[in-house]
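Hello,

Here is the structure I promised to pass on. My notes on it follow below; I hope they are handy.

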Amino acid sequence: MLHGINHIALPVRNLDVSDRFYRGILGLRAVGERPGMKFYTAGLHHHDLALMETGALFPVSGFAHFCLDVEDEQSLAAIYACCRAAGARILEPVDHTVMRAFYLVDPDDHIVELGVDVPQSEWGPWPNPFGRDVAYPELLSLADGRGNYSAQQILGGTSKSACA
Ligand SMILES: [Fe+2]
């Protein structure tokens, strides 16, 4: 029986640049490497993300993305504030009604969603209400006053993760 998604693998132009984004800003933990590849985990699997340096990339569609699970909205707001301080490219927060989220654009223009599931009891009957996406300005309010982070500190190449 299928259990869920184990990991995603992405092509990147430059592993060092991507490492500063996924490890340095988002705080994924590096767990291994092969020539031209790096592997990261957020804790659930040996690796949740595999990156391969390919140089040139295929154009991305603007829809393709993956979502990192965040434990609660307070954490989501803290990560949002930290990413904002780090100068990450952030798209508007969205309330998908079944989950609340915001989106980042990584150094290779891959879209990374960070989200929190709404409790399953609130999902509503089939079909799920994906037609009702609405703005989620509450995340901005939660994020304000957080994130006393220095972008230079975050992007300066320290091994300490910034937003985890
Ligand atoms: Fe998504």
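This is a predicted model: local features need pLDDT of at least 70, side-chain atom pairs count only at pLDDT 80 or more; totals for chains, interfaces and linings use all residues.

Residues are numbered from 1 along each chain as its sequence is written.

Helix α2 has 13 residues and reaches 18 Å from first C-alpha to last, close to the expected 18 Å (1.5 Å times one less than the number of residues). Its buried residues are Leu76, Ala77, Ile79, Tyr80, Ala81, Cys82, Cys83 and Ala85; buried means that 20 or more other C-beta atoms, placed from the backbone, lie within 10 Å of a residue's own. Helices here are DSSP runs of H or I with at least four residues, and strands are runs of E with at least two, numbered from the N terminus.

Now the sheet: 5 strands form an open one in the order β5-β8-β7-β6-β9, with mixed pairing (two strands pair if DSSP finds at least two bridges between them). At its edges are β5 (65-69) and β9 (134-135), each pairing on one side only. β5 runs parallel to β8 (residues 111-117) over 5 bridges, and Cys67 has Glu113 of β8 as its bridge partner.

On confidence, the chain's mean pLDDT (the predictor's confidence in each residue, from 0 to 100) is 84, and 84% of residues reach 70 or more. Helix α1 (residues 15-25) is highest with a mean of 96, and α4 (residues 151-155) lowest with 40.

Best wishes

Methods. A residue is buried if 20 or more other C-beta atoms lie within 10 Å of its own, exposed if 12 or fewer, and partly exposed in between; C-beta atoms are placed from the backbone.
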